[in-house]
Amino acid sequence: MKTMFMGVGLTPNITRRVLRPHSIRFRPFVCEHSSSSSMANTVRVAAVQMTSVNDLSANFNTCARLVKEAAAAGAKMIFFPETFSYMGARDGDALKIAESLDGPIMQGYCALARESNIWLSLGGFQEKASDDSHLFNTHVIVDDSGNITSTYRKIHLFDVDVPGGMVYKESKFTEAGTDIVAAESPIGRLGVTVCYDLRFPELYQQLRFKHEAQVMLVPSAFTKITGEAHWEILLRARAIETQCYVIAAAQTGRHNDKRESYGDTLIIDPWGKIVGRLPDRLSTGITIADIDLSLIDSVRTRMPISEHRKPLDFWKAI
């Protein structure tokens with residue numbers, strides 16, 4: 001497994017080996033593969049860390065630069081965080097720029113995918129909803145021809161009084177989605193979610209065991225306080241309990257005088273090991289990692305939790 005990070009430029013590859021205590025004989029996978037068949041199952045991805053602001057053009061320019069870096073590094077797909085295209089400075093600002101998926105904002109990103117020949121995960125787009133006072137927080141998957149292949153509207157809305165921080169009421173301007181979405185892609189079958197969904201493991205159980213996801217996507221704009229306490233722990237838990245890769249692109253830093261995000265974009269393998277991370281959780285850039293589909297199969301074969309888990313009726317009967 002090779003990983004690298006990119007900010008201003010490309011750094012040399014960093015190869016990491018899994019360290020195992022001598023007392024543990026269980027060996028769920030081999031980190032480095034030499035056979036051509038295992039190499040054929042490896043696909044390169046890029047995950048973004050950025051600080052979006054209330055300027056559509058500035059955010060697009062940042063995204064375009066990072067797409068070019070990812071494509072140059074050989075990534076087949078790049079993953080952007082929640083609110084990648086716009087972060088309002090005041091409540092209600094996002095409503096003013098919300099538009100349909102065939103509008104000029106999203107079509108600009110579709111053109112970017114087509115021109116760079118790369119798939120995009122655009123997590124957390126302000127899509128116009130059923131009335132003028134609400135929008136959908138929509139995760140959009142775009143293929144390398146610039147076509148929208150899947151959309152997921154965030155189900156769990158962030159209505160939270162953050163300890164020692166602000167009170168958030170996402171439902172004031174956002175309409176909740178109702179559908180679970182899994183999508184095919186060149187890196188495997190995706191479980192498509194957004195940010196606060198991370199705290200609801202039943203969604204990821206459904207994506208893994210009912211919808212056969214291999215890679216969970218968690219584009220986010222975690223607050224600084226909640227990120228410090230829970231971000232990495234929750235992501236690694238979702239990876240371990242579903243035996244999936246987790247790709248979590250993150251907003252970072254101060255967006256305006258009211259909003260600050262935690263950052264720390266992560267790529268995690270199905271054994272819970274972090275295989276992609278920027279050296280600075282507050283910088284703008286991308287981290288690169290190789291998704292190894294044979295690793296997913298190996299972990300699931302050696303620890304077959306899909307065979308051991310109990311059906312819902314079992315728990316109802318207790």
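How many nonpolar, polar and charged residues does the lining of the largest pocket have, by class? The lining has 17 nonpolar, ten polar and eleven charged residues. Here Ala, Val, Leu, Ile, Met, Phe, Trp, Tyr, Cys and Pro count as nonpolar, Asp, Glu, Lys and Arg as charged, and the others, Gly among them, as polar.

The model is predicted: local features need pLDDT of at least 70, side-chain atom pairs count only at pLDDT 80 or more, and totals for chains, interfaces and linings use all residues. Residues are numbered from 1 along each chain as its sequence is written, and side-chain values use heavy atoms, with hydrogens and water left out.

The protein chain holds nine helices and 18 strands. Helices (H or I, at least four residues) and strands (E, at least two) are DSSP runs, numbered from the N terminus. Of the 318 residues in the protein chain, 53% are buried. Buried means under 20% relative accessible area, exposed means over 50%, and partly exposed lies in between (1.4 Å probe, protein chains only). Contacts were also counted, a contact being heavy atoms within 4.5 Å. Among contacts between residues at least 6 apart in sequence, 70% join residues at least 24 apart.

The pocket comes next. Rolling a probe the size of a water molecule over the atoms shows where empty space is left. The search used a 1 Å grid over the protein atoms alone. A cavity is a set of points where a 1.4 Å probe fits but cannot get out, whereas a pocket is an open set with protein on both sides within 12 Å along at least five of seven lines. Lining residues have an atom within 4 Å of a point. Grid points are joined across faces, edges and corners, and a volume is the space filled by probe spheres set on the points. The largest pocket contains about 880 Å³ of space. Its lining consists of 38 residues. Met87, Asp91, Tyr168, Glu170 and Arg259 lie nearest the centre. At least two lining residues come from each of α3 (93-97), β5 (119-128), β6 (135-142) and β9 (167-169).

Aromatic rings were examined in pairs. A pair of aromatic rings is described by the distance of the centres and the angle of the planes. Rings of Phe, Tyr and Trp (its six-membered ring) pair if their centres lie within 6.5 Å; planes under 30 degrees apart count as stacked, over 60 as edge-to-face and the rest as tilted. This rule gives nine aromatic pairs. One of them joins phenylalanine 158 and tyrosine 168, with centres 5.2 Å apart and planes at 45 degrees, so the pair is tilted. The two residues are ten apart, and the pair links distant parts of the chain. Phenylalanine 158 is in the loop between β7 (148-153) and β8 (159-161), while tyrosine 168 is in strand β9. Phenylalanine 158 is buried at 17% relative accessible area. Tyrosine 168 is buried too, at 15%. Elsewhere, ring pairs link Phe60, Phe80, Phe84, Tyr109 and Phe125 into a cluster.

Charges also sit over rings. The rule asks for NZ of Lys or CZ of Arg within 6 Å of the ring centre and within 35 degrees of the ring normal. The charged end of arginine 153 sits over the ring of phenylalanine 136, 3.8 Å from its centre. Arginine 309 lies over the face of phenylalanine 209, at 4.0 Å from the ring centre.

Phenylalanine 79 lies in strand β4 (residues 77-80). Not counting residues up to four places away in sequence, phenylalanine 79 touches residues including Val45, Ser121, Ile187 and Ala249. Phenylalanine 79 and glycine 123 are 44 residues apart in sequence, yet 7.6 Å apart in space, C-alpha to C-alpha. Among the residues it touches beyond four places in sequence are Leu198, Val246 and Ile268.

Backbone angles complete the account. Most residues other than glycine have a negative phi, and most peptide bonds are trans. Asparagine 117 has a positive phi, near 55 degrees. Asparagine 117 is in the loop between α4 (104-116) and β5 and is exposed at 54% relative accessibility. Glutamate 212 has a positive phi near 60 degrees. Glutamate 212 is in the loop between α5 (201-209) and β12 (215-217), and is exposed at 56%.
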